[in-house]
Amino acid sequence: MKIAQKLVRLVYNPTAGEGEHSKDTLMNLIEKKGYDCEYSSSKKKILKAIDPRTDLIAIAGGDGTIRKTIVRLLDKKLKFKRPLAILPYGTANNIATSLKIETDPAKNIASWASADIRPFDVGQVIGLEKPEFFIEAFGFGLFPKLMSELKKIDTSDNDGPEDEFKLALAKLYELLHHYKPVKCKIELDDKTIEEECLMLEVMNISSMGPKMKINGSSDPGDGFFELIMVKASDRDKIADYVQRKQRVENPAFPIKPIRIKQVVIQWAGEDVHIDDEVLLPGAHEVFKISVLENLLQILKSKTA
């Protein structure tokens with residue numbers, strides 16, 4: 001009697017990173033390890049008509065592709081919930097870096113058969129037009145402002161990711177010198193904080209932006225988030241940190257995170273983001289951010 005092979009649905013973004021990989025190459029690597037493989041482009045209906053026999057969803061792309069796939073699963077109320085395998089092909093790959101995912105595709109795929117299945121939390125934000133989910137971070141201030149400014153810059157002459165990281169750090173350092181702090185109110189379970197802040201980030205993973213590890217204690221499957229609060233008085237500390245990053249050092253982020261399960265934030269400014277998407281709500285919006293624990297499962301190599 002023939003034993004059925006495991007079926008993998010490959011969600012693939014051919015334009016992620018520098019685009020130096022192909023659908024056929026990935027499918028061949030997967031099939032050589034004994035799996036059957038079906039393909040979806042991340043540009044189309046990525047979970048349309050998924051075979052009910054599917055054992056695993058493999059996501060080949062960057063942070064944006066991972067988020068798009070996960071949000072689609074959540075929008076469908078996890079109708080197609082399966083363990084997820086991440087094949088990082090983006091520019092920053094902050095999600096894969098935080099999870100210590102193998103970057104070599106052949107080694108990554110070879111590890112699937114013996115990999116652990118780990119829980120992965122998702123963030124929920126209430127206070128926008130409708131409840132929204134985040135995978136990486138939901139935040140205010142400097143980072144969404146940086147994202148907006150970078151979108152205005154022509155990067156066609158950049159040679160690759162390292163040029164993009166240098167540009168992002170230079171622009172962040174420039175913004176640090178004139179970004180006006182914003183009044184905010186932060187309601188935690190045991191206290192309320194009122195401050196003028198340059199930046200607030202509720203983080204599910206350890207890194208964001210140009211490979212900045214600002215939340216070293218993060219575990220995306222532990223049922224907690226980390227709140228990063230950069231006050232106006234921290235401006236010089238963050239400027240020094242960015243300068244050291246520009247010198248290709250590996251500095252520790254100078255702000256200690258606050259471990260949370262949920263938080264209510266009132267932000268009297270306009271610069272807001274959810275993962276890699278910049279939002280523009282009105283001033284004085286109130287947001288309730290909560291952890292949805294163990295909502296997903298991620299394959300993680302035992303040796304990673």
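Trainee: What is the bridge partner of Ile 186 in E14?

Mentor: Ile 186 has Ile 265 as its bridge partner in E14. Please bear in mind that this is a predicted model. Strand E14 spans residues 262–267, and its pairing with E8 is antiparallel, with four bridges.

Trainee: Is Ile 186 on the covered face or the uncovered face of E8?

Mentor: Ile 186 belongs to the covered face of E8, together with Val 182 and Cys 184. The uncovered face of this strand, residues 182–187, carries Lys 183, Lys 185 and Glu 187. In a regular strand, side chains alternate between the two faces of the sheet.

Trainee: And Lys 185, which residue is its bridge partner in E9?

Mentor: Glu 194 in E9 is the bridge partner of Lys 185. E8 and E9 are antiparallel and share six bridges.

Trainee: How many residues lie between E8 and E9 in that hairpin?

Mentor: Four residues lie between the two strands of the hairpin.

Trainee: How many bridges join E12 to E13?

Mentor: Three bridges join them, and the two strands run antiparallel. E13 covers residues 258–260. One of the contacts to look for in the structure is Glu 226, whose bridge partner in E13 is Arg 259.

Trainee: Changing topic to pockets: what volume does the largest pocket have?

Mentor: Its volume is about 940 Å³. The lining of the largest pocket consists of 33 residues, and the closest to the centre are Thr 91, Ala 92, Glu 164, Gly 209 and Asp 276.

Trainee: Which of them gives the largest share?

Mentor: H5 gives the largest share of the lining, with five residues.

Trainee: How do the lining residues divide into nonpolar, polar and charged?

Mentor: The lining of the largest pocket has 13 nonpolar, 14 polar and six charged residues.

Definitions and conventions. Residues are numbered from 1 along each chain as its sequence is written. This is a predicted model: local features need pLDDT of at least 70, side-chain atom pairs count only at pLDDT 80 or more; totals for chains, interfaces and linings use all residues. Side-chain values use heavy atoms; hydrogens and water are left out. On a 1 Å grid over the protein atoms alone, a cavity is a set of points where a 1.4 Å probe fits but cannot get out, and a pocket is an open set with protein on both sides within 12 Å along at least five of seven lines; lining residues have an atom within 4 Å of a point. Grid points are joined across faces, edges and corners, and a volume is the space filled by probe spheres set on the points. Ala, Val, Leu, Ile, Met, Phe, Trp, Tyr, Cys and Pro count as nonpolar, Asp, Glu, Lys and Arg as charged, and the others, Gly among them, as polar. Two strands pair if DSSP finds at least two bridges between them. Buried means under 20% relative accessible area, exposed over 50%, partly exposed in between (1.4 Å probe, protein chains only).
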